[in-house]
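The structure is shown first.

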Amino acid sequence: MTELHPDLRENVRLLGELLGESIRRSPGQVCFDLIEEIRAAAKADRRQESGSDQRLLHLLSTISDDQLLPVTRAFNQFLNLANLAEQYHTIRRKRGHQSDLMVESLTEVFERLKQRGIDATELHDRVADLRIEFVMTAHPTEVARRTLIMKYDEMSDCLARLDHDDLMDSERNDVVNRLRQLIAEAWHTDEIRHQRPTAVDEAKWGFAVIENSLWQALPAFLRGLDQSLEETTGRGLPVAAAPIRVASWMGGDRDGNPNVTHDVTRRVFLLGRWMAADLYLRDIQLLRGELSMWEANAELRAVAGDSREPYREVLGRLRERLIKTRNWAGASVDGLAADDTDILFENEDLIAPLELCYQSLIDCGLETIANGPLLDSLRRAHTFGLPLVRLDIRQEAARHAEAVAEMVNFLGLGDYLAWPESERQAFLVNELKGRRPLVPRHWEPSEAVAEVLATCEVIARQTPEALGSYVISMASQPSDVLNVILLLRESGMTRPMRIVPLFETLDDLSGAPESMSALFELDWYRNYCGDHQEVMIGYSDSAKDAGQMMAAWAQYQAQEKLTALARDAGIHLTLFHGRGGTVGRGGGPANRAILSQPPGSVNGSFRITEQGEMIRFKFGLPRLAEQSLTLYTTAVVEATLAPPKEPEPEWRETMDWLTERSLKAYRDVVRNNPEFVPYFRQATPEQALGKLSLGSRPARRKATGGVESLRAIPWIFAWTQMRLMLPSWLGSDVALSQAAGAGRLPMLREMMARWPFFRTYVDMLEMVLAKADLRIASYYDQTLVDPALRPLGKELRARLTDCIEQVKVLKEQPELLAAEPVFAHSMRVRNPYADPLHYLQAELLRRDRDGEEAGEVPEMVERALKVTMAGIAAGMRNTG
């Protein structure tokens with residue numbers, strides 16, 4: 001059995017001891033002793049010692065009301081500290097240390113590709129032209145408060161300092177004392193948000209990730225990329241290359257979120273400019289201190305005049321404009337009149353003076369100076385620009401159709417919504433070819449349509465660098481795309497914007513190729529999009545609609561067909577992957593996911609959502625962000641230049657056979673069993689999730705309704721909390737069992753060995769099954785579920801057991817995660833701390849429901865319940 005790495009074990013021990021010190025001081029030794037007893041009982045229970053389960057439950061039943069909160073908080077805090085230690089361990093740079101989770105370097109991957117026959121010139125050009133875009137989404141499943149995240153980040157810095165082997169005893173004591181203070185501060189800080197964040201708060205959180213991590217990580221990563229390219233191809237990364245971009249949905253995603261209005265979007269655009277100006281000002285201050293030299297080329301002299309310090313002169317003027325820009329953006333956010341004279345608005349306004357200084361240093365033979373902090377700032381300018389992030393807009397297709405319908409009705413042209421698709425297309429293309437406005441100025445639209453048009457007006461006022469994609473959810477016809485283009489033009493938009501249909505349900509994915517084919521046949525549209533098209537694949541809703549196995553296969557087939565369609569039409573296709581953090585929402589190790597995409601679908605461009613706690617786990621610390629950027633870049637380069645082979649016909653037939661069975665098995669339970677929704681509501685904390693104030697979006701698309709109206713995030717969150725993990729395996733159990741019974745195991749093993757898509761699917765299934773826990777799920781049933789519904793729970797647990805057995809047989813291993821010992825041990829470390837939270841949560845849910853029926857829930861019960869949800873989310877390393 002693999003143990004924790006000694007360095008990691010030592011950090012976990014130290015953090016746990018310091019937390020124990022805080023607990024001993026307050027609430028005191030008695031509570032600390034109880035917590036230790038519970039932890040020891042939970043460990044014994046996991047070892048399945050005789051009577052240990054009864055001892056654990058007995059101890060939990062003796063917790064007094066005033067001990068309830070500190071006990072739940074203690075286990076929650078430890079799980080957060082364990083995460084922190086593990087996160088730091090992945091990036092530790094201690095002499096002689098070899099992390100269990102090292103990422104293959106850029107140089108190693110580039111050399112491997114050259115050995116596989118990739119020409120150095122092609123490798124260089126492909127890397128220089130890369131377009132990888134991370135989209136921070138407005139699905140904030142981040143449970144931890146930002147206040148605590150900042151403390152955790154400083155704790156990571158302390159762990160890094162402790163890794164220095166030249167510390168004197170007094171220096172080491174200083175670092176440990178600072179850790180002690182930070183852990184005490186965290187212990188005495190409320191870990192639960194009591195107010196739901198606004199959409200603007202979410203956007204600020206996204207900007208903070210850039211300020212605290214990516215601002216440092218991105219130029220450091222690009223320096224490494226430049227060096228690796230130089231070493232392997234003989235040419236470095238062009239100065240203007242921006243292979244990595246950052247976009248956001250925070251403040252732009254209004255699909256099902258009435259809290260995101262046009263004014264929110266306007267404010268977020270401006271806040272991004274304020275933050276960018278502030279960050280560049282810090283850079284310029286540093287550069288003015290660095291660039292004190294007098295040698296300059298003629299171009300710089302012409303701008304700087306007869307200054308004896310020409311670089312400082314030019315940068316001083318840039319500083320003054322940045323100050324004006326920051327002041328203008330700050331006043332404009334609040335709707336105040338602001339002077340926009342001489343502000344920086346277009347990216348070129350920022351880039352030109354930096355390039356002028358850079359080129360002058362190169363011309364004067366001062367490359368060493370040019371390629372220092374100045375080059376870092378120049379690369380930031382090319383990547384982040386003046387808007388800081390590219391803001392996506394997302395809205396449902398029906399909202400656009402309603403807006404056009406109101407216009408058409410006002411003009412007396414008929415009932416647009418009743419027109420067939422061909423008539424809609426003809427009308428829209430005809431209007432778009434013309435130059436006259438469609439709607440007179442005195443027209444007064446309805447409130448809903450006025451909001452759509454006001455959003456379009458906000459978009460029209462932005463520079464191209466400020467805009468990401470306009471994503472249309474529930475898109476199914478070419479008119480859904482043309483509607484948006486017409487509305488933007490009517491609102492004053494003079495440049496093309498990427499219009500991106502989102503295909504997310506099973507039917508959407510099946511119909512996507514036909515829909516896009518019809519759009520590509522429109523000559524006007526081909527000219528508009530410039531033979532570049534982005535299409536978004538939704539992972540969450542397709543999995544909730546059809547089960548994980550069917551959804552994964554439908555996504556793969558849709559991407560294959562869209563890739564072939566675009567190739568035949570001469571269009572460069574970028575696929576935008578709407579993945580969540582969990583397997584049930586398309587999550588999992590990023591490099592495996594990218595390398596298992598259909599051949600040709602990753603063609604030098606790749607766009608992916610990053611959400612909530614996954615943003616922190618991947619990008620929360622500068623070195624962690626560097627590592628994530630390396631991992632994504634190497635995978636995209638490899639998938640572009642050395643894609644996997646086409647799947648064999650018999651593999652496709654096998655997947656069709658499997659998914660026909662998995663789909664039926666999944667829907668028979670989720671859609672067709674009348675007991676399922678009542679069971680789901682009783683067995684999981686779904687009804688209580690709203691108390692957590694996770695984000696600005698409502699948990700449901702509609703105020704009433706069943707599972708179909710529930711968003712994918714709370715759907716996954718609820719099942720994760722009680723450890724049945726149902727969305728990720730239901731349906732697969734039947735498909736794999738029937739495949740074994742039909743003698744198909746040899747074929748499945750061949751697919752695992754030779755087809756990255758299927759191998760990745762099975763590995764992700766195994767990973768989520770390892771997080772499931774039958775005893776805990778059973779305890780929730782016994783505590784919370786009506787006796788009449790318990791047979792369904794018993795059946796689901798039996799099916800989960802069978803699914804686990806099928807995966808072990810398929811992979812020919814005695815236990816789950818036999819090939820992933822580090823992950824397996826990480827779960828074993830967490831379980832003794834997560835287990836008490838699960839048992840307490842079930843009891844607290846019972847009290848919470850009893851209190852709601854009686855008309856009053858004790859505050860202590862509600863607070864402790866929230867803490868258990870946060871702690872379990874930390875223990876599972878994801879929420880939704």
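## Basis

This is a predicted model, in which local features need pLDDT of at least 70 and side-chain atom pairs count only at pLDDT 80 or more, while totals for chains, interfaces and linings use all residues. Residues are numbered from 1 along each chain as its sequence is written, and side-chain values use heavy atoms, with hydrogens and water left out.

Strand β5 covers residues 498-503, and five of its six residues are buried, so the strand is largely enclosed by the rest of the structure. Buried means under 20% relative accessible area (1.4 Å probe, protein chains only). Strands are DSSP runs of E with at least two residues, and helices are runs of H or I with at least four, numbered from the N terminus.

Strand β4 (residues 467-473) runs parallel to β5 and is joined to it by four bridges; two strands pair if DSSP finds at least two bridges between them. S469 has R498 in β5 as its bridge partner. Between β4 and β5 the chain passes through helix α18 (residues 478-490), in a right-handed β-α-β crossover. Right-handed here means that, with the strands pointing away from the viewer, the path from the first strand over the helix to the second runs clockwise.

β5 also pairs in the parallel sense with β6 (residues 532-538), over two bridges. The partner of F503 in β6 is I537.

## H124

H124 belongs to helix α6 (residues 120-128) and is buried at 4% relative accessible area. Its side chain makes a polar contact of 3.2 Å with the side chain of R235. A polar contact is a pair of N or O atoms within 3.5 Å; within protein, one must be able to donate a hydrogen and the other to accept it, and residues adjacent in sequence count only if both atoms are side-chain atoms.

## S826

S826 sits in helix α35 (residues 821-854) and is buried, with a relative accessible area of 7%. The side chains of S826 and E86 are joined by a polar contact of 2.7 Å.

Note on methods: Buried means under 20% relative accessible area, exposed over 50%, partly exposed in between (1.4 Å probe, protein chains only).
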